[in-house]
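Here are a few notes to go with the model you asked me to look over. Keep the viewer open while you read.

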Amino acid sequence: CSGGVRTFCPANSDSPAGSTSAAACSCNAGYEPSGGGCAPCGEGQFKAADGAASCGNCDANTYTVATGSTSCESCPAESFSAAGSHLVTSCGCALGYYKQGTACEPCPANHWCSNGAKTACDGNAQSPALSTAATACQCNAGYTGA
């Protein structure tokens with residue numbers, strides 16, 4: 001307080017004990033300075049510590065779960081995302097894997113997997129596990145492509 005008058009920091013900010021002015025206020029982790037106050041980090045952004053720094057984008061292969069994030073989460077195994085991604089649904093499966101809920105599962109034999117989708121080979125054809133294109137499906141003995 002200053003001169004017996006208590007001064008409060010704006011929402012989502014704090015000041016050290018014994019501070020005497022609002023100038024000592026700094027934004028909390030997950031918030032950045034904005035228009036004299038503190039605004040939450042946007043989707044795909046985070047700020048890990050208190051202070052005057054701005055929020056930064058999450059790195060590639062990570063995402064945030066909400067605005068005002070203090071960290072980024074890693075995409076599930078065998079998946080990837082662009083920098084600045086928001087929500088686990090931003091994480092796409094690597095080639096040879098398909099989306100099962102939020103996880104990426106290995107493409108089974110006799111299927112091919114691309115863009116997170118699993119497609120069965122046509123009847124009388126087979127492919128090895130982790131196939132990435134329809135051309136991996138080869139006709140069984142005694143059959144030819146039509």
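1. Two strands pair if DSSP finds at least two bridges between them. This is a predicted model, where local features need pLDDT of at least 70, side-chain atom pairs count only at pLDDT 80 or more, and totals for chains, interfaces and linings use all residues. Residues are numbered from 1 along each chain as its sequence is written, and side-chain values use heavy atoms, with hydrogens and water left out.

2. Have a look at the open sheet of three strands, which runs in the order β8-β7-β10 with mixed pairing. Its edge strands, β8 (73–74) and β10 (85–86), each pair on one side only. Strand β7 (residues 62–64) pairs with β10 in the parallel sense, over two bridges, and T64 has H86 in β10 as its bridge partner.

3. Strands β14 and β15 (residues 117–120) pair in the antiparallel sense over four bridges, with S114 opposite A117 in β15. On β14 (residues 111–114), H111 and C113 make up the covered face, while W112 and S114 are on the uncovered one.

4. What about N115? It lies in the loop between β14 and β15 and has a positive phi of about 55° although it is not a glycine. Most residues other than glycine have a negative phi. N115 counts as exposed because its relative accessibility is 76% (buried is under 20% relative accessible area, exposed over 50%, partly exposed in between, with a 1.4 Å probe and protein chains only).

5. L130 also isn't a glycine, yet has a positive phi of about 70°. You'll find L130 in the loop between β16 (125–126) and β17 (138–139). With 43% relative accessibility, L130 counts as partly exposed.
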